[in-house]
Amino acid sequence: MSEKSYRDAIREAMMEEMDRDPAVLIMGEDIGVYEGTFRITAGMLKKYGPKRVIDTPIAEAGMVGTAVGMAMLGLRPIVEMMTMNFAIVAADQILNHAAKVRYFSGGQVDVPLVVRGPQGAGVQLSAQHSQTFESFYAHFPGIHVVAPATPADAKGMLKTAIRGRDPVIFLESAALYGMKGEVPDDPDFTVPFGKSRVAREGSDVTIVSFSRMLQLSLIVADKLSKEEGIECEVIDLRTLRPLDMEPVYASVRKTHRAVAVQEQWKPFGAAAEIAANITETVFDELDAPVARVTGEDVPMPYARNLELLATPHEEDIARAVKKVMYAHG
Amino acid sequence: MAKAKKESDSAVIDPACAPEWTELLKQMILIRRFEEATEREFRKGKIGGYLHVYIGQEAVSSGIVSALRKGDAVFCGYRDHAQALALGSDPGKVMAELFGKATGVSKGKGGSMHLFDVEHGLYGGYGIVGGHLTLAAGAAYAKRYAGNDGIVVCYFGDGAMNIGSFHEAMNMAGLWGHQGMCPIIFIIENNGYAMGTSVERHSALTDLSARVRAYAIPTEKVDGQDIFAVRGVADRVVRQVRETGKPYCIEAVTYRFSGHGAADILQPYRSKEEVEKHKHRDPVVILRTRLAEVCGLSDDDVKAMDEWAVDEAAKAVKFAEESPAPADEELFADVVAEHGPRPVRESEHE
């Protein structure tokens, strides 16, 4: 184990996989000479050369589409989105092509493609640069949707993504890039998709989350434990598709109360999916309706005070926990 | 320069009583009869969804594809039956795909618009106009990256040239071509219409090739009704692209005799006279006549070929008809390679 930042974990995963397999290459806007807006790809052009580290024009459909074609022919392209907000420009290539070709070809091609990049709000980037996309992509069959909350998961799941046979939308939290954590040194350390984990054990309320909101939930859980004696069990979904709800059900059977936390908008979001699954499967175990903590239903404003109002905070999660315990008031 | 090229092209062609030309005529007649059969089966309700046939444009598929070799890859839009047959896909399996049967080239899960036959070099059949151009450019990069000399051919219609992915694909192909990393031939199947909107009405610049040249990709216009012309250009361009790793674009000027799709019955965007006029330049007739004049192909030879093609199409229909529908389990197969937990169905709750 070594302590590493989320950012370094991502870079290491890519470089180790590029060392391991010559079919792995990376492409994106200003990832080579410029070394990346978030410096995730620093040093990679120098090490691997322009054939494997491809600076593309600002053309998201072009870079994802060409990567799909590369993947169909046996390469393992990683496409870095400067931010995931720009991937919407490539939605047709991701959703109509990458996610579908295996199926409509009757399984004749693999599409080992990773589209990765940062997302999320918090540094006053306003409406077009602050969004999160879990539920957008997780709606579609044919792709995997990954949202790591720790450096170890970022590394382990990115490796699983690169080694896989299917398109993966790898959603990084820009706010977590500097976060440090213990990461296994084994170059073959991988984290499988579809395995949620218990990030913190507790007996009173189950909090279900992923990515940055998972870290926020852990802070709230510790605070509630110290200050009010409320023990929250916190579940990290890790991947939204495939979605592993079993640890959530097991937890709800114990706590009988659940809160789902996400950064994105409430309507049709990941928290709604989590709540619906809990209701469908362990309804009889519930002592309270599942509560949702989400961002406000508005385009992200620029002004700092408004931005803070629009995103979920510790108090919002604490309030929801007390609400399902009927302890608010 | 262009003239000199033309002469060398026809030099490939003229001593052409080679058996290959007769085979190409057979192939084009088969495609014609196959497409006519699909139209009949569509009207009978045996084929669902959309149906876009290639009638009138056969020289564009056969003329290019016949210049390729194993290891090359073809991408095309949804008017894809002819490319599959030209590449050597089994007509029965292609028809079975249109019938939605388990024996179809794509296991009955793609249909008319998504024919795939990777073994024969067909990487699809795509239904979003222009969407596949980027895939094809990436596939070409992959060919060179892997260090082999395979090339990619990407078919698309004039109607695909106004969408963003066309421009993004062309620009990236042009860029990668500078490094010899994009061995691709773009084929504009310019049949004059984007569905029902004529080139004059859909493109601000009607010289379509000029728009490709804007991305540093050389272009050439060819009479898409004349397979001698198409094949002549193809032989030279395939060789050149294979050697250089640089993209090239052939604009094949052609005409579709059938409607845009099987539901395009009234065709209010063009006159009967216009269609009739173009039918005088039927690619099958042009090749047949030439082989009769130059190589002594007899009426009996042609009749025998036609009977064979009609029979092949009928056998394909019979095979499709008698094939089983995909098993229910196929619904969940091929969504992703590694299955996550399958959603629990109602009945499994009991």
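Mentor: Let's start with the word "domain": here, domain bounds come from an automatic or database domain assignment. Keep in mind too that this is a predicted model.

Trainee: Good to know. Into which domains is chain A divided?

Mentor: Chain A splits into domain 1, covering 2–183, and domain 2, covering 197–324. Between the C-alpha centres of these two domains of chain A there are 26 Å. Their contact draws 24 residues from domain 1 of chain A and 24 residues from domain 2 of chain A.

Trainee: Which elements supply at least two residues each of the side of domain 1 of chain A that touches domain 2 of chain A?

Mentor: In chain A these are α6 (134–138), β6 (144–146), α7 (151–163) and β7 (168–173). Sorted by class, that side of domain 1 of chain A has 13 nonpolar, nine polar and two charged residues.

Trainee: And between the chains, how many residues does the contact take from chain A and from chain B?

Mentor: As a general idea, the size of an interface is often given as the accessible area lost when the parts come together. Here we have residue counts instead: 40 residues from chain A and 36 residues from chain B. On the side of chain A that touches chain B, two or more residues come from each of α3 (60–72), α4 (91–98) and α5 (101–104) of chain A. The largest share, nine residues, is given by α3(A). By class, this side of chain A has 16 nonpolar, 17 polar and seven charged residues.

Trainee: Turning to chain B, how many helices and strands does chain B have?

Mentor: Chain B has 13 helices and eight strands. For 350 residues, a compact globule would have a radius of gyration near 20 Å, and the 21 Å of chain B agrees with that. Along the principal axes, its C-alpha atoms fill a box of roughly 75 × 50 × 40 Å. Of the residues of chain B, 53% count as buried.

Trainee: Which residues have the most contacts inside the largest nonpolar core?

Mentor: They are V259(A), A139(B), C154(B), I184(B), I185(B) and I187(B), in a core of 202 residues. Helix α2 of chain B, residues 19–43, gives the most to this core, with 10 residues. Domain 1 (2–183) and domain 2 (197–324) of chain A both give residues to it, so the core lies between them. Leaving out residues up to four places away in sequence, I184(B) touches several residues, among them A136(B), I151(B), C154(B), V241(B) and P247(B).

Trainee: I184(B) is in β4(B). Which way do the residues of β4(B) point?

Mentor: In a regular strand the side chains alternate between the two faces of the sheet. In β4(B), I184(B), F186(B), I188(B) and N190(B) point one way, while I185(B), I187(B) and E189(B) point the other way. Seven of the seven residues in this strand, 184–190 of chain B, are buried. Six bridges join β4(B) to strand β3 (residues 152–157) of chain B, and the two run parallel. One pair to look for is F156(B) with its bridge partner I188(B) in β4(B).

Notes:
Residues numbered from 1 in each chain as written. Chains lettered and ligands numbered in written order. Predicted model: local features only at pLDDT ≥ 70, side-chain atom pairs only at ≥ 80, totals over all residues. Helix = DSSP H or I, 4+ residues; strand = E, 2+ residues; numbered from the N terminus. Rg over C-alpha atoms; globule rule 2.2 N^0.38 Å. Buried ≥ 20, exposed ≤ 12 C-beta atoms within 10 Å, placed from the backbone. Core = buried A, V, L, I, M, F, W, Y, C linked by C-beta atoms within 7 Å. Contact = placed C-beta atoms within 7 Å. Nonpolar A, V, L, I, M, F, W, Y, C, P; charged D, E, K, R; others polar. Pairing = 2+ DSSP bridges.
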